[in-house]
Amino acid sequence: MSDKILELKKVSRYFGSVIALEDIDMEVNAGEVHCLLGDNGAGKSTLIKTLAGVHKPSKGEYFYEGERVEFSSPRDALDRGIATVYQDLALVPLMSITRNFFMGREITRGWGPFKQFDQDRADQIALDGLAEMGIKVRDPQQVVGTMSGGERQCLAIARAIHFGARVLILDEPTAALGVKQTSNVLRVVAQARAKGLAVILITHNVHHAYPVADRFTLLNRGRSMGTFLKSEVTREQVLEMMAGGEEMEKLEAELAEFTRSDEATA
Ligand SMILES: Nc1ncnc2c1ncn2[C@@H]1O[C@H](COP(=O)(O)OP(=O)(O)OP(=O)(O)O)[C@@H](O)[C@H]1O
Ligand SMILES: [Mg+2]
């Protein structure tokens, strides 16, 4: 479990006078699900965008597979095996499942002027990739716009795995999903880990985070409050970390107050 694949050392990221990240130290291992926690604006998205080559650190060092890296674009990071699935997804609703699966990496047959997209093989690979995630599709020519949110997430993840991702970054993949689709996505996350990928997962839902995560890193106003093994923290503590401690206590007190006044009027 201590097969370190990426590491940040004292990474900061500023946007003008806004300090989005300050002095972040973080390690991510292959074969683990690493959950990123923190309130709105804590810097979670900025952190994963820095890992994914969207933002360059303003300060600090980024190591990937033991080597210092400075990605100049998301494509750069993707070519090294760091795949990111954003909440709004980079899928094209009007294109088919297969086309989306291979977007930008089309497989061809023939050569020279006779080269053409190898539709049959591509269809089969896309179908197999999805089937492995427990998603049954009748027709890979079906447009992605007709798939459910959960199926689209799984398609994006299947694509990343097929093209050899070693690190899979998911920003709130379950935010808009129902119970069944969520469990599908979480199952796929567990499968990715079993294949030895490092998965970095952002979610606001403790019931999604806790069962699949191996470690948690807590961000608070751009700073890391540390990384915790699941065995070191309870579900309640994680919930508190997500909401930022104090707030949660206040909320609980308020809710208790509501319940009391409800009972009084009943
Ligand atoms: N491109 C940008 N330009 C200026 N400020 C930014 C930019 N991106 C992020 N920020 C600021 O950095 C801080 C961290 O934002 P970030 O999006 O990383 O938070 P987050 O933890 O992902 O929040 P949420 O849970 O709401 O998605 C915020 O104060 C935000 O306004
Ligand atoms: Mg965010």
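**A hairpin, and what lies around it**

Mentor: Let's start with one pair of residues: Leu-219 sits opposite Ser-224 of strand β12. Keep in mind that this is a predicted model. The two strands here are β11, residues 215-220, and β12, residues 223-229; they run antiparallel and are joined by five bridges. Together β11 and β12 make a hairpin with two residues between the strands, and Arg-221 in that hairpin has a positive phi near 45 degrees. When you look along strands like these, remember a handy rule: in a regular strand, side chains alternate between the two faces of the sheet.

Strand β1, residues 4-15, is joined to β2 by eight bridges. Here Phe-15 stands opposite Val-18 of β2. This pair belongs to an open sheet of four strands, ordered β2-β1-β4-β5, with antiparallel pairing. Its edge strands are β2 (18-29) and β5 (67-68), each of which pairs on one side only.

Next, let's go inside. The largest nonpolar core has 69 residues, and the ones touching the most other members are Ile-157, Val-167, Leu-168, Ile-169, Val-199 and Leu-201. Helix α5, residues 149-162, gives this core its largest share, seven residues. Both domain 1 (4-233) and domain 2 (235-266) supply at least three residues each to this core. As a general point, nonpolar side chains tend to be buried together in soluble globular proteins. Take Leu-168 for a closer look: apart from neighbours within four places in sequence, Leu-168 is in contact with Ala-83, Ile-157, Ala-160, Ala-192, Leu-197 and Val-199.

From Lys-180 to Asp-128 you go 52 residues in sequence and 21 Å in space, C-alpha to C-alpha.

Finally, step back to the whole chain. There are nine helices and twelve strands in the protein chain. Its radius of gyration is 21 Å, close to the 18 Å given by the globule rule for 266 residues, so the chain is as compact as a globular protein of that length. Along the principal axes, its C-alpha atoms fill a box of roughly 75 × 50 × 35 Å. Of the 266 residues, 38% count as buried. And among contacts with a separation of 6 or more, 71% are between residues 24 or more positions apart.

Note on methods
Residues numbered from 1 in each chain as written. Chains lettered and ligands numbered in written order. Predicted model: local features only at pLDDT ≥ 70, side-chain atom pairs only at ≥ 80, totals over all residues. Pairing = 2+ DSSP bridges. Core = buried A, V, L, I, M, F, W, Y, C linked by C-beta atoms within 7 Å. Buried ≥ 20, exposed ≤ 12 C-beta atoms within 10 Å, placed from the backbone. Domains from an automatic or database assignment. Contact = placed C-beta atoms within 7 Å. Rg over C-alpha atoms; globule rule 2.2 N^0.38 Å.
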